[in-house]
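Good morning, colleagues. Please look at the sequence and structure first.

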Amino acid sequence: MHPVDAQGRGLRAIGGFATDWCQSLRGHRLPWVASAYGVGVGLYFALPREPASADIFGLGLVLLALILLAFLWRATLGIAPLLLAAVVAGLLGATARTAWVAGPVLDFRYYGAVHGRVVHVDRSASGAPRITLDHVRLDRVAPAKTPRRVRLSLHEDSPRPPEPGQWVMTTAHLSAPNGPAEPHGFDFGRHAWFKKLGAIGYARVPLLQFEAPEQGASLVIARLRDQISDGLRDCLPGARGEVAAAITTGDRSGLPEDVVEALRVSNLAHLLAISGLHMGLLVGFVFWMSRGGLALWPRIALTRPTRAWAAAIALPFAVFYLFLSGGSVATQRAFVMAAVMLGAILLGRRALSLRSVALAALIVLAIRPESLTGPGFQMSFAATGALVLAFRRLTTWQTENGQIAWLKGWRGAVLSLLLSSVVAGAATAPFAALHFNRVGQLGVLANMLAVPAMGAWVMPLLFIGLILWPIGLEAVPFWLAGQGIAWIILVAEWVAGLPLSVRSVPAPGPWVLPLLGLAMASTACARGRWRWSGAAIGAAAALLWVQSPRPDLLIAGDGRLVGVMTAEGRWISRPSGVSFVADIWLENDGDPAAQSDAFDRPLSTAPPHLPDVLALRGKTGLEDALDTCRRTGAWLVTPVPVERAVADGCTVYDATRLRYTGAIALYADRGGEVRLLTARDMRGTRPWTPAFRAQQRE
């Protein structure tokens, strides 16, 4: 055979295979499109710099060309340009979202009067009351440079924080949102950017409160949320009332720390976050109650689409719960998923399918593309997709083998509960370990004991209590709901107290999370043998995770803390103070030790190729430290500025240099080679970074 003919025949065979593969995806393209859109969003956040106007224009032309090709090749290879178009669309959508939320960010430390309107009240990680203000005014700061929103932590013994809608004035310290605690760590600056927070700070003086003006709909709802939270606390004193307020209105400001920790360790913390579980329980309860009520009238039940009617009744309750709970990102995501499911019922389609999950993901990413990087989005869609696949497989198996007695009635319900807990737990465990550096090893047991109480007892009774509240009959259902909450707290504390209930794991490298997401998407979207590609990608992610090194030396972005890895674990330069950064470092190491214990570790077992580090808290001892650095080559780390002339001949990381670099991580290998990474290197030149703002000023 002539070589040219053989080559042509080979190309035709490849083309035929590609065409057949594309055609096999007909009816299954939406999950692939949603995954491709997510890839585009992820690529945007991985860019080293913000796309310029010319880049955006060029990408727009590419998007139009790909859409045209997808239409022209729709009968053959149309899926390929369609997926590429989805990737480009995701990148452009994230770019547009970043521009939409853009606002001034404070570039200096401010101390002075702060005046604004309260839009949100919560508590910080330390338990201090915290308020978020809009319509902000700062002394001697031009309106064009004033942040659109600021968040203030109040002193812990301050009186009750103001209600949303009130205007307040105080004297506060403000600064720009912090960057990551280490180069590959969580970027709070990016998180604050999408929340439109241009400054954060604290006030140590009482607030001067003014009477609230006429309020809009959002502030009226915020006040209603506060009233419901206070009413629940009155009916259910103690931890039960705080948990009830958290799962009803999203107000977690009064939750006892010991209860929160027990829920986290037992893998039940998701019960506090108003997300898919709560929205699903509420919508499901209203749906089945409505359908059951309609079934009481035979004429309606036999002649009318009661299933669609029940969905239409449940949808307004989902909208109400969205606003009542504060409309957080997790709740919005849960509402979109519930609305898609109910819409499918109204249109006569399957409510729970991969297409509906993919459609919900597309809507969420189109509205808030930044949610892709958060654990809530990743865990909720991983759990939902895994449950759809598992129960679809179970349904297929039942169809092929016939109905089995032990899959019916209460035994079927128990099996479904067990299967749901195992599947959802297995799907979310990698993401939970990646983001929170801990694995609740007994989480399945805790969820089996607690989730049924939440779904069959607590949520329905709280809902009934809210309905009966206007006529004064809420006490009994609220009290009964409180007993279910007490059971959940008891389960959490019991499981948390068991041996080996939780295991700490180190943080992985930056490539592990994208590979995990790709593995989940491949498993969900691929068909037949191609689903094994998801397992292969997941195995690669696990291998990278195991081999991910932790930094041998860490320097905080403000120079107040240094951490050195030793044979016993990380040594921390201070026994207390800067605890937020110290806790993050130790958690990312998978180290459960307290900061004070880490301070007591010996430095003698540190890697030999690391430079010696002298960590100062201020100017005290600066001259002696500089002299030591010149003689020994040690590094000097200090949170105060050091003049260049004084520091000549020394490696100094002072406030001025660290303000440019951000947090620093240093890796030393056995060969003596040292690799240094800075937060500035990892963050790039993006709108939420100081580097971008400095570039704009130039």
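In which sense do β4 and strand β6 pair, and over how many bridges? Before I answer, please note that this is a predicted model, in which local features need pLDDT of at least 70, side-chain atom pairs count only at pLDDT 80 or more, and totals for chains, interfaces and linings use all residues. Residues are numbered from 1 along each chain as its sequence is written, and side-chain values use heavy atoms, with hydrogens and water left out.

The pairing of β4 with β6 (residues 208–209) is antiparallel, over 2 bridges. Strands here are DSSP runs of E of at least two residues and helices are runs of H or I of at least four, numbered from the N terminus; two strands pair if DSSP finds at least two bridges between them. Within this pairing, Val 168 lies opposite Gln 209 of β6.

Strand β4 (residues 167–175) is also joined to β1 (residues 110–123), antiparallel, by 8 bridges. There, Gly 112 faces Ala 172 of β4.

I turn now to the helices. The axes of α7 (residues 239–249) and α17 (residues 475–496) come within 9 Å and cross at roughly 100°. Axes are lines fitted to C-alpha atoms, for helices over the stretch in contact, with angles from 0 to 180 degrees between N-to-C directions. Helix α7 is therefore roughly perpendicular to α17, a term that covers 65 to 115 degrees. Thank you.

Terms used. Parallel < 35°, antiparallel > 145°, perpendicular 65-115°, else oblique.
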